Amino acid sequence: MRSLRIDIPFKYHLLLLLLLVVVFSCTKRVEEAEVVSIAHLKSMCRGGQAVVSKECYVEGVVVANDWLGEFHKSVVVVDDSGGLEIAIEAERIYAWLPIYSRVKIFCGGRSLARVGGKVMLGASPTGAFPLDNIPEWEARRGIKVVGAEENFVFPRRRITEIGVADVSRAVRIDGLRIADAELGLSWCDEVDGVAQTTMRTLVDREGNTIGVRTLASCAYGLEKIPTTEFSVVGVVDATGGEYLLRIINGAILRR
């Protein structure tokens with residue numbers, strides 16, 4: 001019986017060799033990556049933009065995604081040093097980066113940029129905006145789920161305690177009520193039956209205030225705001241020199 005022989009053209013041998021080199025190179029880069037804190041990573045952005053030049057990764061817990069429409073095409077990851085919002089060009093991110101999953105985010109070659117009052121991680125900009133979203137296939141390759149955080153505890157803050165280190169961190173604030181001028185309103189305004197991204201004002205027991213921003217895409221955006229005292233868990237944002245909150249995971253806790 002004659003053996004079957006398949007001759008592979010030389011160009012395909014070259015292609016296979018190149019693919020093996022790429023795979024080996026990527027694997028080697030991951031193995032050599034240095035773990036850094038989120039605070040250290042963000043400190044690399046000394047100006048408006050920066051490219052992460054060294055092979056490194058951060059490890060943290062996903063505390064916010066697009067599950068309830070509170071964030072759009074982004075996730076927030078936190079570690080003991082702070083929080084980081086990551087821009088990703090994808091829908092249904094929650095399906096592969098669920099809340100409270102512990103992840104490793106490989107940052108080498110990614111871009112950092114100041115967007116409003118926070119530093120975000122994404123792709124190098126191709127237009128006027130300081131940061132592009134990371135393509136989904138690249139994000140899936142560079143963000144790895146390594147476990148789950150079963151008993152995650154959000155740090156508590158008073159409004160007056162919130163500072164620069166809390167930007168992009170998820171915190172819990174107790175003893176809040178909606179401002180008198182906004183009693184009876186929903187989290188989002190409604191125009192012609194369509195929710196609009198809206199800013200409301202929360203007030204603590206001492207009369208201190210903080211804005212809360214709710215996207216039009218939020219699943220509960222048209223629900224009425226409680227008229228009695230409540231607590232919220234939200235990611236701290238900053239714009240125009242002021243801090244604000246973005247509630248996460250529907251965490252509006254009535255007394």
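## A tour of the model, stop by stop

Five aromatic pairs are counted here, where rings of Phe, Tyr and Trp (its six-membered ring) pair if their centres lie within 6.5 Å. One of them is F152 with F154, an edge-to-face pair with 4.9 Å centre to centre and 75° between the planes. For the labels, planes under 30 degrees apart count as stacked, over 60 as edge-to-face and the rest as tilted.

Before you go on, note that this is a predicted model: local features need pLDDT of at least 70, side-chain atom pairs count only at pLDDT 80 or more, and totals for chains, interfaces and linings use all residues. Residues are numbered from 1 along each chain as its sequence is written, and side-chain values use heavy atoms, with hydrogens and water left out.

**Stop 1: the ring cluster.** Select Y100, F152 and F154. Ring pairs link Y100, F152 and F154 into a cluster. Is F154 buried or exposed? F154 is buried, at a relative accessible area of 15%. F152 is partly exposed, at 25%. The cut-offs: buried means under 20% relative accessible area, exposed over 50%, and partly exposed in between (1.4 Å probe, protein chains only).

**Stop 2: R102.** Select R102, in strand β6 (residues 101-106). Strands (E, at least two residues) and helices (H or I, at least four) are DSSP runs, numbered from the N terminus. R102 is partly exposed because its relative accessible area is 25%. The side chains of R102 and E149 make a polar contact at 2.8 Å. A polar contact is a pair of N or O atoms within 3.5 Å; within protein, one must be able to donate a hydrogen and the other to accept it, and residues adjacent in sequence count only if both atoms are side-chain atoms. R102 and G60 are 42 residues apart in sequence, yet 5.6 Å apart in space, C-alpha to C-alpha. Leaving out residues up to four places away in sequence, R102 touches several others, including V61, K144 and G147. Contact means heavy atoms within 4.5 Å.

**Stop 3: strand β8.** Select residues 118-122. Why is β8 described as largely enclosed by the rest of the structure? Because five of its five residues are buried. In a regular strand the side chains alternate between the two faces of the sheet. Here K118, M120 and G122 point one way, while V119 and L121 point the other.

Now show the partners. Two strands pair if DSSP finds at least two bridges between them. Strand β7 (residues 111-115) pairs with β8 in the antiparallel sense over five bridges, and R114 stands opposite V119. In the hairpin of β7 and β8, two residues lie between the strands, and G116 takes a positive phi near 65°. Strand β5 (residues 82-89) pairs with β8 in the parallel sense over two bridges. There, E85 has M120 as its bridge partner.

**Stop 4: R169.** Select R169, in the loop between β10 (143-148) and β11 (170-178). R169 is buried, at 13% relative accessible area. Its side chain reaches the backbone oxygen of S81 at 3.5 Å. Among the residues that R169 touches are D79, P155 and V235.

**Stop 5: the barrel.** Show β11, β14, β15, β17 and β16. They form a closed barrel of five strands, in the order β11-β14-β15-β17-β16, with mixed pairing. Strands β16 (residues 230-239) and β17 (residues 242-254) pair in the antiparallel sense over nine bridges. Zoom in on D237: its bridge partner in β17 is L244.
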